Amino acid sequence: MARFEEGRSISCPPLFEGEAYSQWSNVMKYFIQAQDFELWDIIEEGYIEAPKKKKKKQRSENDTKGKLNSRAMHMLLCGLNEEVSKKVSTCKRAKEMWEKLERLYGKEEKKDGAPSCANLLSSSKVNGVLALNDPDVSSNFCDSNSYSFEELQDAFDELFLEFETMNSKFKKMISKLECENDFLLKTKMRF
């Protein structure tokens, strides 16, 4: 007997969780085009804000493209899990966001099998900490392919985001320990 599984929703974008980028990007492209073909044009061609001193007709066209850009960015962000969306949420244009996703995740699936810089850095971690002082890791890092500025910037952004996350968790743990310590001291004083 055939088993039927629930299909994707036509009103919700496919969710990208950091794996199988090429499959997700194809499905997302068709999802966006099905919603509004002009949204895909904004992602593909980009959008440049016209100066405010332009004529009303040009401003109106610019406002329309600005709204389309915002909708496209919103749709892309809705198709990303929290971890992935943090990496592209600072982008100002939908095209920039799409291209950054391609740089971050599209390179994982390169035909020559060379790792992206971000992958190399994340694989170089020991207990979540970059292990460049390890001779094996640092030699692999230095001897591997050369990386573009954008790849290095993306890797830096990813590491900085991880640092901020760890720092936030650390501060919360310290605060919790201080509260527990205060509670224990107060309880001890009562006895």
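In this predicted model, the axes of helix 1 (residues 21-35) and helix 5 (residues 94-105) come within 10 Å and cross at roughly 160°. That angle makes helix 1 roughly antiparallel to helix 5; angles under 35 degrees count as roughly parallel, over 145 as roughly antiparallel, 65 to 115 as roughly perpendicular and the rest as oblique. Here helices are DSSP runs (H or I, at least four residues), numbered from the N terminus, and axes are lines fitted to C-alpha atoms over the stretch in contact, with angles from 0 to 180 degrees between N-to-C directions. Helix 1 passes helix 5 in a left-handed crossing, that is, the near helix is turned anticlockwise from the far one by less than a right angle, whereas clockwise would be right-handed. On the helix 1 side, Tyr-21, Trp-24, Ser-25, Met-28 and Lys-29 meet Trp-98, Leu-101, Glu-102 and Tyr-105 of helix 5, where contact means heavy atoms within 4.5 Å. These residues divide into six nonpolar, one polar and two charged (Ala, Val, Leu, Ile, Met, Phe, Trp, Tyr, Cys and Pro count as nonpolar, Asp, Glu, Lys and Arg as charged, and the others, Gly among them, as polar).

Helix 5 also packs against helix 2 (residues 37-45), at an angle of about 65° and with the axes 6 Å apart. The two helices are therefore roughly perpendicular to each other, and their crossing is right-handed. Helix 2 brings Trp-40, Ile-42, Ile-43, Glu-44 and Glu-45 to this contact, and helix 5 brings Ala-94, Lys-95 and Trp-98. Five of these residues are nonpolar, none polar and three charged.

Turning to the remaining pair, helix 1 and helix 2 have axes 5 Å apart and pack at an angle of about 130°, which makes helix 1 oblique to helix 2. Lys-29, Ile-32, Gln-33 and Gln-35 of helix 1 meet Phe-37, Leu-39, Trp-40 and Ile-43 of helix 2. By class, this contact has five nonpolar, two polar and one charged residues.

The largest pocket has a volume of about 230 Å³, the space filled by probe spheres set on grid points joined across faces, edges and corners. A pocket is an open set of points on a 1 Å grid over the protein atoms alone, where a 1.4 Å probe fits, with protein on both sides within 12 Å along at least five of seven lines; lining residues have an atom within 4 Å of a point. The lining consists of Glu-83, Lys-86, Lys-87, Glu-158, Leu-161, Glu-162, Thr-165, Met-166 and Lys-169. Helix 4 (82-88) and helix 8 (149-190) each supply at least two lining residues, and helix 8 gives the largest share, six residues. Two lining residues are nonpolar, one is polar and six are charged.

Residues are numbered from 1 along each chain as its sequence is written, and side-chain values use heavy atoms, leaving out hydrogens and water. For this predicted model, local features need pLDDT of at least 70 and side-chain atom pairs count only at pLDDT 80 or more, while totals for chains, interfaces and linings use all residues.
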